[in-house]
Amino acid sequence: MFDQKSSPQHEKVIVLGSGPAGLSAALYAARAELNPLVIGGIEPGGQASLTDTIENYPGFPDGVGGAELGELFQKQAEKFGARIAYEMATNVDLKVHPFSVTTDSGQYKADSLIIATGASPIHLNVPGEKEFTGKGVSYCATCDGWFYKGKSVAVVGGGDSAIEEALFLTRFASSVTIIHRRDTLRAGAILQKRAKEHPSISFLWNSVVEEVQGDTKVSGLRVKNVITGEINTLPIDGVFIFIGHNPNTGLFSGQLDMDEKGVIRVNTMLETSIPGVFAAGEAADSHFRQVITSAGMGAAAAIQATHFLENHS
Ligand code: NAP
């Protein structure tokens with residue numbers, strides 16, 4: 001996308017991120033004839049594209065594959081002139097306008113910036129987790145579930161992600177044990193009911209993983225009951241960890257107002273603390289975190305970026 005020898009490529013709008021928020025922002029900015037550039041990362045699509053089936057995005061009464069929905073978002077944005085650069089942003093300077101964005105391939109200037117960098121899975125931070133990542137420890141059932149045909153797996157967490165992914169894993173695994181630190185799930189009622197009624201799913205309540213064990217790959221988990229203090233080893237072939245997410249906002253640290261978790265503070269107009277910089281999706285929302293809410297925020301951010309450019313041209 002960028003010729004390293006020339007001066008920075010100047011864009012009216014740069015969108016950082018290519019999940020539902022980023023691509024919806026790109027669609028709206030493209031339809032406002034702003035010819036947006038999406039710095040989409042090396043693996044575009046965001047977390048939603050790693051979800052097997054999305055059942056709550058309106059317009060798809062039979063559900064839609066996460067990857068398929070991401071491709072449709074991209075196709076629609078590109079149809080109206082959005083360009084996707086498969087580059088990683090490595091540095092952003094918001095102190096001077098036009099803003100500077102450095103990627104692994106070069107440098108850009110932007111009159112307006114829409115941050116839609118999403119969030120990444122939180123790790124348990126227990127011994128063995130890092131060592132066995134990719135060797136039995138996973139954060140993506142859609143990516144890795146297939147490897148566990150006929151095997152025993154554990155899922156850690158009690159939220160929507162954990163339960164949804166546990167249900168998905170029953171397609172492959174012979175047994176799925178959900179390990180949750182309390183005795184009630186945080187997940188929505190429909191998912192809870194499905195999981196509790198599923199013959200391949202069992203629960204280890206009030207339990208936390210203390211260690212991921214194995215030799216060359218995962219063979220078990222050391223699990224502690226937080227009520228009784230009892231410690232047991234659960235033999236499993238894989239563990240899928242879904243205990244929440246952290247926003248991908250480190251690039252903007254010290255430049256934009258954020259809450260204590262690093263979520264970028266925006267007002268109802270999706271404006272950040274710097275005029276011309278807007279944020280949408282999980283980089284700026286730790287509450288709703290749905291495909292539809294992220295997409296809606298992306299669209300709104302692009303509408304506001306359009307107004308900003310009209311007023312500052
Ligand atoms: P979440 O709702 O924050 O749930 C995280 C789960 O992990 C909670 O059950 C939490 O336990 C547990 N947990 C957190 N830290 C832990 C630790 N250190 N050790 C053990 N367990 C830990 O995260 P999420 O499930 O990823 O969902 C994020 C958002 O996306 C939510 O708003 C959710 O509704 C949404 N989402 C929606 C759908 C859907 O609508 N189909 C699908 C996926 C996600 P506690 O319950 O004790 O806090």
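Thr102 and Gln107 are joined through their side chains by a polar contact of 3.4 Å. A polar contact here is a pair of N or O atoms within 3.5 Å; within protein, one must be able to donate a hydrogen and the other to accept it, and residues adjacent in sequence count only if both atoms are side-chain atoms. This is a predicted model, so local features need pLDDT of at least 70 and side-chain atom pairs count only at pLDDT 80 or more, while totals for chains, interfaces and linings use all residues. Residues are numbered from 1 along each chain as its sequence is written, and side-chain values use heavy atoms, with hydrogens and water left out.

Staying with Thr102: this residue is found in strand 7, strands being DSSP runs of E with at least two residues, and helices runs of H or I with at least four, numbered from the N terminus. Not counting residues up to four places away in sequence, Thr102 touches Met88, Ala89, Thr90, Asn91 and Gln107, where contact means heavy atoms within 4.5 Å. Its C-alpha atom is separated by 5.8 Å from that of Ala89, 13 residues apart along the chain.

Ser100 is also found in strand 7. Ser100 is buried at a relative accessible area of 12%; buried means under 20%, exposed over 50%, and partly exposed in between, with a 1.4 Å probe and protein chains only. The side chain of Ser100 makes a polar contact of 2.8 Å with the side chain of Lys109. With residues up to four places away in sequence not counted, Ser100 touches Asn91, Val92, Asp93, Tyr108 and Lys109.

Which peptide bond is cis? The one from His97 to Pro98, with omega near 0°. Pro98 has its place in the loop between strand 6 (89–93) and strand 7 (99–103).

Two residues have a positive phi. For Asn206 the value is about 50°, although Asn206 is not a glycine. Asn206 is in the loop between strand 13 (201–204) and strand 14 (207–214) and counts as buried at 16% relative accessibility. Arg289 is not a glycine either, and has a positive phi of about 50°. Arg289 lies in the loop between strand 19 (277–279) and helix 6, and is partly exposed, with a relative accessible area of 32%.

On confidence: pLDDT is the predictor's confidence in each residue, from 0 to 100. The mean for the protein chain is 95, and 98% of its residues reach 70 or more. Over residues 1–5 the pLDDT is below 50, and beyond near neighbours in sequence this stretch has 17 contacts in the model. Where pLDDT is low, the predicted coordinates should not be read in detail.

Now the cores. A nonpolar core is a set of buried Ala, Val, Leu, Ile, Met, Phe, Trp, Tyr and Cys residues joined through side-chain atoms within 4.5 Å. The largest has 55 residues, and those touching the most other members are Ile14, Leu16, Leu94, Leu113, Ile114, Ile115 and Phe252. Helix 6 (residues 291–311) gives the largest share of this core, eight residues. Another core, of 22 residues, lies apart from it and includes Val153, Phe168, Leu169 and Phe172.

On to the rings. Rings of Phe, Tyr and Trp (its six-membered ring) pair if their centres lie within 6.5 Å; planes under 30 degrees apart count as stacked, over 60 as edge-to-face and the rest as tilted. By this rule the count is seven aromatic pairs. Why is the pair of Trp146 and Phe147 edge-to-face? The planes stand at 85°, with the ring centres 6.1 Å apart, so the pair falls in that class. Trp146 is exposed at 54%, and Phe147 is exposed at 53%. Phe168 and Phe172 are also edge-to-face, at 5.4 Å centre to centre and 75° between the planes. Here Phe168 is buried at 8% and Phe172 is buried at 18%. Tyr57, Phe60 and Phe73 form one aromatic cluster.

Last, a charge over a ring. Arg31 lies over the face of Phe80, at 4.6 Å from the ring centre; the rule asks for NZ of Lys or CZ of Arg within 6 Å of the ring centre and within 35 degrees of the ring normal. The C-alpha atom of Phe80 is separated by 8.0 Å from that of Glu33, 47 residues apart along the chain. Glu33 lies in the loop between helix 1 (20–31) and strand 2 (37–39), and is exposed at 68%.
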